[in-house]
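Keep the picture in view as you read.

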Amino acid sequence: MTAVVDAVMPEMAPDAGLVAWSEAFSEMFALVAGEFAQAPSRRRARGYLLGLLSHEERKNGWTIAEFAGDAGPGGMQRLLNFYAWDEDAVRDALRRYVTARIGHPAGVLVADETGFLKKGRGSAGVQRQYSGTAGRVENCQLGVFLAYAAPDGSRALIDRELYLPESWASDRDRCREAGIGDDVAFATKPELARKMTGRAVAAGVPFSWFTADEAYGQNPGLRDWLEESGISYVMAVPCSQRCAAGAGQLRADELAALVPARGWQVLSCGDGSKGPRLYEWALAGLAAPGSRLLVRRALAPDAKGRPELAFFLCSAPAGTTLAELVAVAGARWAVEDCFAEAKNETGLDHYQVRRYRAWYRHVTLSMLAHAFLAVTAAAADRAPGTGAGTGKKGSRDLWTAIQPAENIQPARTHNRQQRPGDDRPDRR
């Protein structure tokens, strides 16, 4: 198993990248190794993480087992389904790892969900529901995640919850078949975001802001909880959002129409793959203390000749500048980058498990592997005289931040054979 470490590392001089990569991985794994009390589970977990970090095209039980040198997927399946280890304790260690290495007092917590397409009806929480990933209603699972975004552009996922639809929560027999305990009740996505943010606060995660899209921003319960907790936020809301302003109750788009021409400023809300994300921005005061409506207007008109508008409710301390609020609004893209990176690089959506706990275990290990790449890329950014890393360059393959792409080759310990489930969607 330990030979796999060398296979997954870059082919660099022993006194340079290879040794550093090995030490960094071992340091990261040491933070969670104690949660796997028995040698078989600890060995499997290490191999599973290395498999997730490999360049295997698909990272399911078969391919990870092959990468680790196993004869079949049984060991990796036992790791996810039967071995005794606490996936929440590993999540907590992951959160400490991220905040210790890229944490910053001005950090931003970002909540969002992503979809996992599935066949059948046996996987925990699966049903036909809207998936932003697919852009339509699909048979899928939905996971709600909390990402951490640092001011330098570093980002990683630090928490996760599987969304359990009401149709599942009300059918306890179906829940038991999928390994969902009777104590797991229905919770909305904003409630799951609140739960994860509360855990981050309790753990002492350094941050100053919370942000999310319309699904969360228009939820008054989440907004009230954030304000009661003293957490500043910038959250997207629909154009129909009612806002209490000096002129009375107005829709967000009605309030935006009152902004004079001189009230707009061109600012970047962060760098994307094509450079700075430039928009016109305006700020309108609201009746509640510290509350404001932030309006974003596209520089060019849409196909109908009208400028595209987006709206954000803000709760922030007095003296917070427009530029600060714009930067927080732009930080929301960090979670989208994390989803793309984790799905492309560390197999976040490659799992083939049905049961509730197995979902948490795979997703947590995938998040940990992604965090390792993110932390390593951030360290490369900070290294003197290097141009590597993600920095403010937007979403990209994190592997290219820590090693030359041409040196990345998946380890092979067996001749490749077609295995059940390889390169096919989960049909369970």
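In this predicted model, start with helix α3 (residues 39-53) and helix α15 (residues 356-382), whose axes come within 9 Å and cross at roughly 60 degrees. An angle from 65 to 115 degrees would count as roughly perpendicular, so α3 is oblique to α15. The crossing of α3 past α15 is right-handed.

Which residues make this contact? From α3 come Y48, L49, L52 and L53, while α15 contributes H362, L365, S366, L368, A369, F372 and L373.

Now look at α3 by itself. Its 15 residues reach 21 Å from the first C-alpha to the last, close to the 21 Å expected at 1.5 Å a residue. Is this helix mostly covered or mostly open? Mostly covered: eleven of the 15 residues of α3 are buried. Among them are Y48, L49, L52 and L53, the residues that α3 brings to its contact with α15.

Helix α15 also packs with helix α5 (residues 74-81), at an angle of about 105 degrees and with the axes 8 Å apart. The two helices α5 and α15 are therefore roughly perpendicular to each other. Here L79, L80 and N81 of α5 touch A358, R361, H362 and L365 of α15. This contact divides into four nonpolar residues, two polar and one charged.

Definitions and conventions: Residues are numbered from 1 along each chain as its sequence is written. This is a predicted model: local features need pLDDT of at least 70, side-chain atom pairs count only at pLDDT 80 or more; totals for chains, interfaces and linings use all residues. Side-chain values use heavy atoms; hydrogens and water are left out. Axes are lines fitted to C-alpha atoms, for helices over the stretch in contact, and angles run from 0 to 180 degrees between N-to-C directions. Helices (H or I, at least four residues) and strands (E, at least two) are DSSP runs, numbered from the N terminus. Angles under 35 degrees count as roughly parallel, over 145 as roughly antiparallel, 65 to 115 as roughly perpendicular and the rest as oblique. A crossing is left-handed if the near helix is turned anticlockwise from the far one by less than a right angle, and right-handed if clockwise. Contact means heavy atoms within 4.5 Å. Ala, Val, Leu, Ile, Met, Phe, Trp, Tyr, Cys and Pro count as nonpolar, Asp, Glu, Lys and Arg as charged, and the others, Gly among them, as polar. The expected span of a helix is 1.5 Å times one less than its number of residues. Buried means under 20% relative accessible area, exposed over 50%, partly exposed in between (1.4 Å probe, protein chains only).
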